[in-house]
Amino acid sequence: MNFSEVFKLSGLLCKFSPDGKYLASCVQYRLVVRDVNTLQIVQLYTCLDQIQHIEWSADSLFILCAMYKRGLVQVWSLEQPEWHCKIDEGSAGLVASCWSPDGRHILNTTEFHLRITVWSLCTKSVSYIKYPKACLQGTTFTRDGRYMALAERRDCKDYVSIFVCSDWQLLRHFDTDTQDLTGIEWAPNGCVLAVWDTCLEYKILLYSLDGRLLSAYSAYEWSLGIKSVAWSPSSQFLAVGSYDGKVRILNHVTWKMITEFEHPAAINNPKIVVYKEAEKSPQLGLGCLSFPPPRAGAGPLPTSESKYEIASVPVSLQTLKPVTDRANPKIGVGMLAFSPDSYFLATRNDNVPNAVWVWDIQKLRLFAVLEQLSPVRAFQWDPQQPRLAICTGGSRVYLWSPAGCLSVQVPGEGDFAVLSLCWHLSGDSMALLSKDHFCLCFLETEAAVGTACRQLSGHT
Amino acid sequence: MGDWMTVTDPGLSSENKTLSQHTSETKMSPSSLYSQQVLCSSIPLSKNVHSFFSAFCTEDNIEQSISYLDQELTTFGFPSLYEESKGKETKRELNIIAVLNCMNELLVLQRKNLLAQENVETQNLKLGSDMDHLQSCYSKLKEQLETSRREMIGLQERDRQLQCKNRNLHQLLKNEKDEVQKLQNIIASRATQYNHDMKRKEREYNKLKERLHQLVMNKKDKKIAMDILNYVGRADGKRGSWRTGKTEARNEDEMYKILLNDYEYRQKQILMENAELKKVLQQMKKEMISLLSPQKKKPRERVDDSTGTVISDVEEDAGELSRESIWDLSCETVREQLTNSIRKQWRILKSHVEKLDNQVSKVHLEGFNDEDVISRQDHEQETEKLELEIQQCKEMIKTQQQLLQQQLATACDDDTTSLLRDCYLLEEKERLKEEWSLFKEQKKNFERERRSFTEAAIRLGLERKAFEEERASWLKQQFLNMTTFDHQNSENVKLFSAFSGSSDQDNLTVHSRQPQKKPHSTSNGSPVCMSKLTKSLPASPSTSDFCQTRSCVSEHSSVNVLNITPEDIKPNQVGGECTNQKWSVASRPGSQEGCYSGCSLTYTNSHVEKDDLP
């Protein structure tokens, strides 16, 4: 595993282009576009203010930079550096900005969710969509980019509008049987829309593209409900994480629950591998100073090393006692992600913040548990294979695959606290983001491993 | 009680004594009554005996006292102290002997009484100690009773308390339930209140929003604008189209197309899955049939009805297999059939497996209980036996060593050794003689047997000759038949072999109606019986004849034989039985050739033919 040099970054704004050729990152009000392979700067754009949001267009030709404070969006073209576009929302303000899937329209949400403005880069036309709902996930596009679903609120009732993205024509408009809709999400095949209610009530509704209600599911009443939802890439399963610390898997034929995954703090099944991160503080005894000799090229000595140990069952995981009289308690399954081949599901239970559960979807059972030393910040699956990258806000990045676990120290000056990470399309590399810096981490492909081995043997 | 008191307190008042005596008499058993009386009377007697005697007799009242004593004694049943007087007037004389006897008797009685007294006293003591023991026991038991009573009361108290507690808990539970209900109601009311408030707030908020919208948007905000260098082309390279009804319709169309595609894709997947499952089912069924059919045969042969169904089932399946295309066409038509048959097969398989399981478990049980244990016992016995043998061998070796040593020691003693040797020789001679006689007897037996064998061989030779003659005659006849009724004969064979598939008796009737068949069957009959004979006798030329005849027959029937369905494994078995029967028939060449044997022979023949086929 190799690491690039460390580059400056602000606001955790660093994104690979959808075609995987470029890497855009922001430093204050500057947008830097680099070539992924050489890491040379391809373009450098200067915006009017500190950038708060960037997004690549789907065809990787444009990048939008949003400056919410100023109500401004600036768009840059990669092909024509001199081309520029600036959208000013004026006194209406701006809270969100995103591309439409065709890469020629920008959707700006004004302050107080008064409306969504659809700006076109092709024509002068401007469209407005009124009554967007202020919620966690109010807009969603189908994978093929044909349709957009939008959550709306009118007369104290929730509605969903489906738009055709090519001409922003309203295709369907229907009310949903929800108290306070919180999120909507298209299935990857673009034919089913999942709609879930506020956390006060456990309710998830499934609508067909033509607005028919396919099914409604509710696991229980009277308690806090859904916290997170994820579709499997095959559209076969819908995983619903809730505040009771369980993940329920619904199937796509009957829309009924197949199984529920509990997240117990004690693991007794000897079949489950529990990887426990263990700190190995460097021995500072007098006799040990010179031996073993410090590794060359590893930079300054890390303060401590960590490695995974396979814990022998039964294992009890560290749990947080949630404060129940506060809003948004730290309980329940808050993070959910399917592996790209739909074989595995990674989850995090928020009151066991140090652990990542990996479930085997083929056998519908727990496969492995990783317990980190500090709370898990983020995890993301390799887009190409079942390989999970985890970061905990420390200077290490962790990788899990069915074969085993790995803990890697990020080299560099000082402490590189990995707050977030994102995979490259090919799965060969990933960007590790800290508060002020980012670096690329190149995973060894087999050829690279081969050369490395040869080099090693040559050295020895 | 009274008894005890008299012993311990002899100085009690006479009233008390009599009372106690009375009570003791009523309570005592009759056996102890006598001793009691004796005891009571003897105590005062022994006390003042001396003073009584001194006062009783003086010199002047000897006569009176004697008479008094006599009276007293006679009343007690002693003989009189006086001599028996002959006359009334005569004065009675004192009989010294009688006096002495009386005294002696009295003394003896006294001694006896004393002994009895002693006994009674010891008994009394014993009984007293018994009493003590019983009393202590009684008190102990009383205590125990008391404690258990107390315990019981304690337990009852505890039970009561627990019940009380339970009642309280029930009450609490009820209260809690009520509380929960109340809280739920409160939650519900709060929720409605909250929703109501929310709605109100939202309405207000919406109003505000509307107002804000008007204010912000209608102000002709110059700032809201897009500053763009030049418009870029659409991603698909086309120009944007106007919104019309047409586009709306097109959008709808496209949406439905997408939905349709999705459904079609899913249907295809389901179809594929279905096909896979069907295939699996089919294969399962086939395997089940193949698995079950050989096992079925045995039990089914006993029950004729079921065989029929099974065979038809198999045929049906074969038919189904041939039209597999139907499977792909629709599930509905075949589904029921398939599931039914699978279910049936499954049931059979299940029962079979269960049966096997039972057997296995039985065998296991038996095996573990009997065989294993027995084998272990055997093992132990064997080891014991072997150990014994080893011991014996050791002993023998030891004795031999001793003998050798003795021999060495007594080597000089030649006479004794020669004598011993002679003794041995004599013994051996006798044994040999016995063996010799045995051998002779055996030899005699053998010779007798050999004679009988040779006779049998001669008889067999004769029989064979007769056979050969008959065969020659038959061959001749057949040859004639073949030349004259060739056509007819082949027809018969065909007819005959067509029936060979089943083992019914119909064949018998058919054959009995064909007179021409008779020689044919005989020709077949002889070779088979000869082939049987050849097993015991050296090869004879008749076997080659048999081959010839067989080939000749096979020429006729080969065509038909080839048509034999795979079902005639069973006829084969039947044929096997029949050949056994026929053996007796064929061994008597003179007897009439039964149609039965002919029929059975064709089976064997067909079987043989089949074996010859590749």
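Chain B and chain A bury about 4,400 Å² between them, 55% of it on carbon and sulfur atoms, where buried area is the accessible area (1.4 Å probe) that two parts lose on being put together, summed over both. This is a predicted model, in which local features need pLDDT of at least 70 and side-chain atom pairs count only at pLDDT 80 or more, while totals for chains, interfaces and linings use all residues. Residues are numbered from 1 along each chain as its sequence is written, chains are lettered from A in the order in which they are written, and side-chain values use heavy atoms, with hydrogens and water left out.

- In contact, meaning heavy atoms within 4.5 Å, are 43 residues of chain B and 52 residues of chain A.
- Four salt bridges are counted between chain B and chain A, each being a side-chain nitrogen of Lys or Arg within 4 Å of a carboxyl oxygen of Asp or Glu.
- One of these salt bridges joins the side chains of A:Lys130 and B:Glu210, at 3.2 Å from N to O.

**The side of chain B that touches chain A**

- Helix H6 (96-217), strand E1 (225-228) and helix H7 (245-302) of chain B each supply at least two residues of this side, helices (H or I, at least four residues) and strands (E, at least two) being DSSP runs numbered from the N terminus.
- H6(B) gives the largest share, 15 residues.

**Strand pairing across the chains**

- Strand E10 (residues 84-88) of chain A runs antiparallel to E1(B), and four bridges join them, where pairing requires that DSSP finds at least two bridges between two strands.
- A:Lys86 has B:Asp227 as its bridge partner in E1(B).
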